[in-house]
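Reader: Please guide me through this model by question and answer, with the cut-offs behind each term.

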Amino acid sequence: MENANVKVRIWKCSERMTHLVRNSDGDDCLFIHAGAGSLFCDYGHMTFSEGDYIVLPRATSWRIEPTEPVTMLMIEATNGSYMSAERGVVGDHAIFDPAVLEYPRIDDAFRAQQSSTESWQVHIKSRNQLNKVTYPFNPLDAVGWKGNLTVFRLNWRDIRPLMSHRYHLPPSAHITFVADGFVICTFVPRPIESDPGALKVPFYHNNDDYDEVIFYHKGEFFSRDNIHPGMVTLHPCGFPHGPHPKAFATGEKHGRKETDEVAVMIDTRIPVDMTDAARAVEDKAYVNSWQTPPNAE
Ligand SMILES: [Fe+2]
């Protein structure tokens with residue numbers, strides 16, 4: 001899915017990349033849905049595993065070497081940058097401590113992959129066109145760097161969600177990154193509102209200003225029936241949605257006190273278009289999934 005501000009795609013990689021990639025159209029945010037491995041980039045070497053966000057500044061050269069087959073969600077901030085969300089009165093240490101961010105290092109693994117004789121190709125994406133540049137050496141040859149522009153890694157397990165037992169906080173409380181025209185929110189395990197009078201998540205609503213794209217990563221999606229890890233939903237601006245009837249009934253019956261779902265949401269100010277790749281795997285019956293099945297209680 002994509003629009004002028006954001007491109008969202010799922011990418012799988014099971015073998016060591018034999019070329020570098022560089023996106024000069026905007027910052028990239030990778031969310032590792034499955035797998036693990038090493039990232040080599042202009043700033044050094046860093047390992048990663050399932051549940052990590054990796055944010056790559058625009059025009060960073062990088063490649064990965066999986067140790068387990070990797071499936072990732074790639075979110076491009078086209079012509080833009082990722083920034084931390086404004087945390088207001090709760091301060092900059094909410095909802096994750098900046099000290100947990102991990103950065104690439106110029107370590108032995110990074111030095112070991114350097115070569116002055118082996119030629120390397122860099123695939124540069126510019127204005128959505130792919131260009132190939134060949135170096136007669138490995139251009140990932142940094143000996144050091146300074147400043148605060150770099151790649152960083154954040155795992156969802158280090159995100160401590162804001163919540164209240166009496167007040168259902170809006171999704172903006174769960175924003176992890178902000179970019180031009182869209183935000184990335186992370187839904188992590190949390191108690192469900194316990195006060196008898198509290199509005200319980202999730203309620204029926206439509207997003208009057210944003211298209212809502214949700215990638216389901218892990219856990220039981222108590223508000224959705226037949227939604228499984230690895231799936232993506234798109235709820236366009238203005239279209240009502242909420243818990244599926246069966247999932248809602250099950251949740252009420254069992255008196256759920258917490259949710260263990262982990263999901264990444266992209267709320268985008270201008271509508272997204274479905275790409276051919278998305279259309280090829282679209283579940284066209286999803287729109288009917290709120291209908292109560294015949295003979296349901
Ligand atoms: Fe929604």
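**Strands, metal site and side-chain contacts**

Reader: Which side chains of strand E15 are buried?
Author: Side chains alternate along E15 (residues 232–235); a strand is a DSSP run of E with at least two residues, a helix one of H or I with at least four, both numbered from the N terminus. Buried means under 20% relative accessible area, exposed over 50% and partly exposed in between, with a 1.4 Å probe and protein chains only.

Reader: What pLDDT do side-chain atom pairs need here?
Author: Residues are numbered from 1 along each chain as its sequence is written, and side-chain values use heavy atoms, without hydrogens or water. The model is predicted: totals for chains, interfaces and linings use all residues, local features need pLDDT of at least 70, and side-chain atom pairs count only at pLDDT 80 or more.

Reader: Which residue of E15 is the bridge partner of Glu212?
Author: Strands pair if DSSP finds at least two bridges between them. E14 and E15 run antiparallel and are joined by 4 bridges. For Glu212, the partner in E15 is His235.

Reader: How is the site of the iron ion classed?
Author: Donors are N, O and S atoms within 2.8 Å of the metal (3.2 Å for Na, K and Ca), and sites may look incomplete because water is not among the atoms. His205 (NE2), Glu212 (OE), Glu212 (OE) and His241 (NE2) coordinate the iron ion at 1.9 to 2.8 Å. Four donors are tetrahedral if all angles lie between 85 and 135 degrees; four are square planar and six octahedral if opposite donors are over 155 degrees apart and all others between 65 and 115; anything else is irregular. The angles among the 4 donor atoms are 52 to 166°, and the site is irregular.

Reader: What kind of ring pair do Phe31 and Phe215 form?
Author: Rings of Phe, Tyr and Trp (its six-membered ring) pair if their centres lie within 6.5 Å; planes under 30 degrees apart are stacked, over 60 edge-to-face and the rest tilted. The count comes to 10 aromatic pairs. In one of them, the centres of Phe31 and Phe215 are 6.4 Å apart with planes at 70°, so the pair is edge-to-face.

Reader: What is the N to O distance between Asp52 and Arg153?
Author: Side chains of opposite charge can pair when their charged atoms come close. A salt bridge requires a side-chain nitrogen of Lys or Arg within 4 Å of a carboxyl oxygen of Asp or Glu, and the count comes to 9 salt bridges. Asp52 is buried at 3% relative accessibility, and Arg153 is buried at 17%. Their side chains meet in a salt bridge with an N to O distance of 3.8 Å.
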